[in-house]
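The following questions and answers concern how terms are assigned to a structure. Each answer sets a value against a criterion.

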Amino acid sequence: TGGTRSSHALGQLARAHAFLDVDGEGVRGESFPPSKRWLVVHTGGNDVLAALLFPPLLLLLWLDLVYLSLAAGLGWLRPPTRPHRWSFLGLVSAYSAQHLALLLRDAAARGHTRVLVARPPFSPSVPLAR
């Protein structure tokens, strides 16, 4: 899909620690332990793109779009405030959240105390959202 998915995040964190040295000795030999670092996590967007290649999930996306079109166009259904568990975004979100939870547990075990989790950018400027 052109990028990594949330299931790759654990391996990326391990490689980052190997690069920065687990004992906290940074690239320049300066002490920089995980508790003093910011861990910025931005994952999930490529999970959506990968899901588009899986026909059953693509069918769910089509059904979701039909449902939302009816809800908005006819006014007889209220659009949901969050995705249904068995919707396209519901299933992809659950997959991403499961891997995010594993990553955060691993990060805590490695000594990270400062973590910023960024959500995938779903906006009209992103081709997928159009």
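Q: What is the handedness of the crossing of α1 and α4?
A: In this predicted model, the crossing of α1 and α4 is right-handed. The term applies because the near helix is turned clockwise from the far one by less than a right angle.

Q: Why is α1 called roughly parallel to α4?
A: Helix α1, residues 9-20, and helix α4, residues 88-109, pack at an angle of about 25°. Angles under 35 degrees count as roughly parallel, and α1 is therefore roughly parallel to α4. The axes of the two helices are 9 Å apart.

Q: Which residues of α1 and α4 meet, and to which classes do they belong?
A: From α1 come A9, L10 and L13, and from α4 come L102, L103, D106 and A107. By class, this contact has 6 nonpolar residues, no polar ones and 1 charged. Asp is counted as charged, whereas Ala and Leu are counted as nonpolar.

Q: What makes the pair R110 and D106 a salt bridge?
A: The closest N and O atoms of R110 and D106 are 2.9 Å apart. The criterion is a side-chain nitrogen of Lys or Arg within 4 Å of a carboxyl oxygen of Asp or Glu, so the pair qualifies as a salt bridge. The structure holds 1 salt bridge.

Q: Are R110 and D106 buried, exposed or partly exposed, and why?
A: R110 has a relative accessible area of 28%, and D106 has 22% relative accessibility. Buried means under 20% and exposed means over 50%, with partly exposed in between. Both R110 and D106 therefore count as partly exposed.

Q: Why are α3 and α4 described as oblique to each other?
A: Helix α3, residues 55-74, packs with α4 at an angle of about 130°, and their axes are 8 Å apart. Roughly antiparallel requires an angle over 145 degrees, and roughly perpendicular covers 65 to 115. The pair α3 and α4 is therefore oblique. L57, L60, L61 and D64 of α3 make the contact with F88, L89 and L91 of α4. Its classes are 6 nonpolar, no polar and 1 charged residues.

Q: How do you know that L91 is partly exposed, and which residues is L91 in contact with?
A: L91, found in helix α4, has 26% relative accessibility. Apart from neighbours within four places in sequence, L91 is in contact with L57, L60, R85 and W86. The C-alpha atoms of L91 and L60 are separated by 9.6 Å, with the two residues 31 residues apart along the chain.

Q: Why is G44 called buried, and where is its place in the chain?
A: G44 has a relative accessible area of 8%. Buried means under 20%, and G44 is therefore buried. The place of G44 is the loop between β1 (38-42) and α2 (45-51). G44 and V92 are 48 residues apart in sequence, with a C-alpha to C-alpha distance of 8.3 Å.

Q: How many helices and strands does the chain have, and what is the order of the elements?
A: The chain has 4 helices and 2 strands, which run α-β-α-α-α-β from the N terminus on. Of its 130 residues, 22% count as buried. Among contacts with a separation of 6 or more, 70% are between residues 24 or more positions apart.

How values were computed:
Residues numbered from 1 in each chain as written. Predicted model: local features only at pLDDT ≥ 70, side-chain atom pairs only at ≥ 80, totals over all residues. Heavy atoms only, no water. Buried < 20%, exposed > 50% of the residue type's maximum accessible area, 1.4 Å probe, protein only. Axes fitted to C-alpha atoms, helices over the stretch in contact; angles between N-to-C directions. Contact = heavy atoms within 4.5 Å.
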